[in-house]
Amino acid sequence: MKLTTKQLTLCALLTAMALGLGYLENLFPIALAIPIPGVKLGLANIVTLFALYALGPAQAMAILLGRCLLGAVFAGNMNALIFSLMGGVTAMAVMIALSRFRGLSVYGVSIGGAAAHNCGQIAAAMVTLGNTAPLYYLPFLLGVSLCTGAVTGLIGACLFRALGHTDLMKG
């Protein structure tokens, strides 16, 4: 993947934005509204969704990988890296596949990505723990992913509408 200076700069800025949104998300006490451990809004996924549509799958994956690696390094929690990578890569693979269906909106792609992210993290928990007990938690997470994916999709759709007249969007 050969990138122009403009594309590389945009990827770096989007990675930084995703890291910032991920950090900002930790400041919201979402556990008060949804008392399920590990539930997050997924604000950094707005950047991933945007990158997928505006830049393409390869650059979106690069941004995702950079965000996961740098987030683990900055947080000093390399143990969480497997959860971040498995959830993120699974979500990206599903979003890439779903984005190719012309009849499916950005909302559907976002909800599919949120559900896939939870599946990837449950898989990481199963690998880490060495048993299938985390599967019992999956239905709750999938229910929440409908809401969080829809919120991410809504914000993404608003972003696409706002930037639709710029050269950032590939049509």
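Modeller: Let us start with residue classes: Ala, Val, Leu, Ile, Met, Phe, Trp, Tyr, Cys and Pro count as nonpolar, Asp, Glu, Lys and Arg as charged, and the others, Gly among them, as polar. On that scheme the lining of the largest cavity divides into 4 nonpolar, 4 polar and 1 charged residues. This is a predicted model, in which local features need pLDDT of at least 70 and side-chain atom pairs count only at pLDDT 80 or more, while totals for chains, interfaces and linings use all residues. Residues are numbered from 1 along each chain as its sequence is written, and side-chain values use heavy atoms, with hydrogens and water left out.

Colleague: What makes a space a cavity here, and which residues line the largest cavity?

Modeller: On a 1 Å grid over the protein atoms alone, a cavity is a set of points where a 1.4 Å probe fits but cannot get out, whereas a pocket is an open set with protein on both sides within 12 Å along at least five of seven lines; lining residues have an atom within 4 Å of a point. The structure holds 1 cavity of 30 Å³ or more, and the largest has a volume of about 40 Å³, a volume being the space filled by probe spheres set on the points, which are joined across faces, edges and corners. N45, T48, L64, R67, G88, A91, M92, M95 and H117 line the largest cavity, and helix α5 (81-99) gives the most to that lining, with 4 residues.

Colleague: Why is A91 called buried?

Modeller: Buried means under 20% relative accessible area, exposed over 50%, and partly exposed in between (1.4 Å probe, protein chains only). A91 has 7% relative accessibility, so A91 counts as buried. Leaving aside neighbours within four places in sequence, A91 is in contact (heavy atoms within 4.5 Å) with G113, A116 and H117.

Colleague: How do you know that the rings of F50 and F160 are stacked?

Modeller: Rings of Phe, Tyr and Trp (its six-membered ring) pair if their centres lie within 6.5 Å, and planes under 30 degrees apart count as stacked, over 60 as edge-to-face and the rest as tilted. The structure holds 2 aromatic pairs; the rings of F50 and F160 have their centres 6.1 Å apart and their planes at 25 degrees, so this pair is stacked. The pair links distant parts of the chain, with F50 in helix α3 and F160 in helix α7, 110 residues apart, helices (H or I, at least four residues) and strands (E, at least two) being DSSP runs numbered from the N terminus. Both F50 and F160 are buried.
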